[in-house]
Amino acid sequence: MKQRIFTVLLSLACAAALLAHAGAEHITGFVKAITPNSLTVETTKHEMVTVVLTPKTDGVKSSVKFNVQELKPGERVVIHAKKNASGALEAIEVDWGPRPK
Amino acid sequence: MTWGRLVTCGRLVIGLLLIVGIFFLTKISFSSRSSPGAMESSIARKLRLWSIPKKYKSMPNAVVCSDAILAEAQAHWADHCATCHANNGSGDSMLGRTMYPPPPDMRQPATQSQSDGEIYYTINNGVRLTGMPAFGEPGDRDMDSWKLVCFIRHLPRLSPDEERRMQKLNPKTPDEIEEERQEEEFLNGGALNQQRTN
């Protein structure tokens, strides 16, 4: 019985993990410009991508919450974004700074 | 009234009921995308609470909710419960959003006003006709479930930092693990030559 419950839970967990980031885009690159409402980065493929910043956007510097507006051009960032209702990429979380080991 | 007329009336009534039944069946949606109405939710919640054996209503938590217990339960929740209930207990997860009935927002009084024993009973016995299975060993001494009660009590005060730590403990696929490794490498100054869409 325990094994069955475990199997069901494992299947659910795998399904959730597969779906967890559905539709989310991870943008990795260097900050080009930042305004109160947007962040433009040059990706590692040398493409310019602009994401919308909202009050809900979380800034995380070296795994600690930080204000996104403190970002400076040239800094390395990983942006977790989703398309909003109008089709624009909206940043959910912006990570920068080395992650502590 | 003769016996024959009674039989005819009975057949008519059964036929009518069948027609009404078929009509309602075609009107009722079996999609899990809709949400239960207020009356359905209220009746189901009351019936479920009434069904919990009396002894659980006054049963105190079998564990002391220390920081260590809370941390353990938090990790357990992130790994096993957050898939449906979300890390913060809101139920706003990929699976939770489209379940019928949806998982409750456990930070709200509907859950928080229940006794420790009632919450334990729900974890340990599950809820029929919902997505909630029974967890742990049957009976009232499953310590992991009691520890989860500690965490459920903590949910209304869960901080964003705690939530972020829990995200690291959520189940991940090998692809997601590799993706995180590459992101970490890039943030630490390494090279990364791709942009991914998952």
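B:P101 sits in the loop that connects helix 4 and helix 5 (109–112) of chain B. In this predicted model, the peptide bond between B:Y100 and B:P101 is cis, with omega at about -10 degrees. The loop between helix 4 and helix 5 of chain B also holds B:A86. B:A86 is not a glycine, yet its phi is positive, near 70 degrees. With 23 other C-beta atoms within 10 Å, B:A86 is buried, because the cut-off for that class is 20 or more.

Positive phi values are found in chain A as well. A:H46, in the loop between strand 2 (38–43) and strand 3 (48–52) of chain A, has a phi of about 65 degrees and is not a glycine. A:H46 has 8 C-beta neighbours inside 10 Å and therefore counts as exposed. A:S62 has a positive phi too, of about 45 degrees, and lies in the turn of the hairpin formed by strand 4 and strand 5 of chain A, where 2 residues separate the strands.

The table lists these residues.

| Residue | Phi |
|---|---|
| A:H46 | about 65 degrees |
| A:S62 | about 45 degrees |
| B:A86 | near 70 degrees |

Strand 4 (residues 58–61) of chain A has A:G59 and A:K61 on its covered face, and A:D58 and A:V60 on its uncovered face. Strand 4 of chain A runs antiparallel to strand 5 (residues 64–66) of chain A, to which 3 bridges join it. Strand 4 and strand 7 (residues 89–96) of chain A run parallel and are joined by 4 bridges. A:K61 has a bridge partner in each of these neighbours: A:V64 in strand 5 of chain A and A:W96 in strand 7 of chain A.

The largest nonpolar core has 19 residues, and B:W77, B:Y120, B:L148, B:V149, B:F151 and B:I152 have the most contacts inside it. Helix 4 (67–85), helix 6 (116–125) and helix 7 (143–154) of chain B each give two or more residues to this core. Helix 4 of chain B gives the most, with 6 residues. Leaving aside residues up to four places away in sequence, B:L148 touches B:A73, B:H76, B:W77 and B:I123. Another core, of 16 residues, lies apart from this one and includes A:I34, A:L53, A:V68 and A:L71.

The axes of helix 6 and helix 7 of chain B come within 9 Å and cross at roughly 120 degrees. The two helices of chain B, helix 6 and helix 7, are therefore oblique to each other, and their crossing is right-handed. Residues making the contact include B:I119, B:Y120 and B:I123 of helix 6 of chain B, and B:L148, B:V149 and B:I152 of helix 7 of chain B.

Definitions and conventions: Residues numbered from 1 in each chain as written. Chains lettered and ligands numbered in written order. Predicted model: local features only at pLDDT ≥ 70, side-chain atom pairs only at ≥ 80, totals over all residues. Buried ≥ 20, exposed ≤ 12 C-beta atoms within 10 Å, placed from the backbone. Pairing = 2+ DSSP bridges. Core = buried A, V, L, I, M, F, W, Y, C linked by C-beta atoms within 7 Å. Contact = placed C-beta atoms within 7 Å. Axes fitted to C-alpha atoms, helices over the stretch in contact; angles between N-to-C directions. Parallel < 35°, antiparallel > 145°, perpendicular 65-115°, else oblique. Left-handed = near helix turned anticlockwise from the far one by under 90°.
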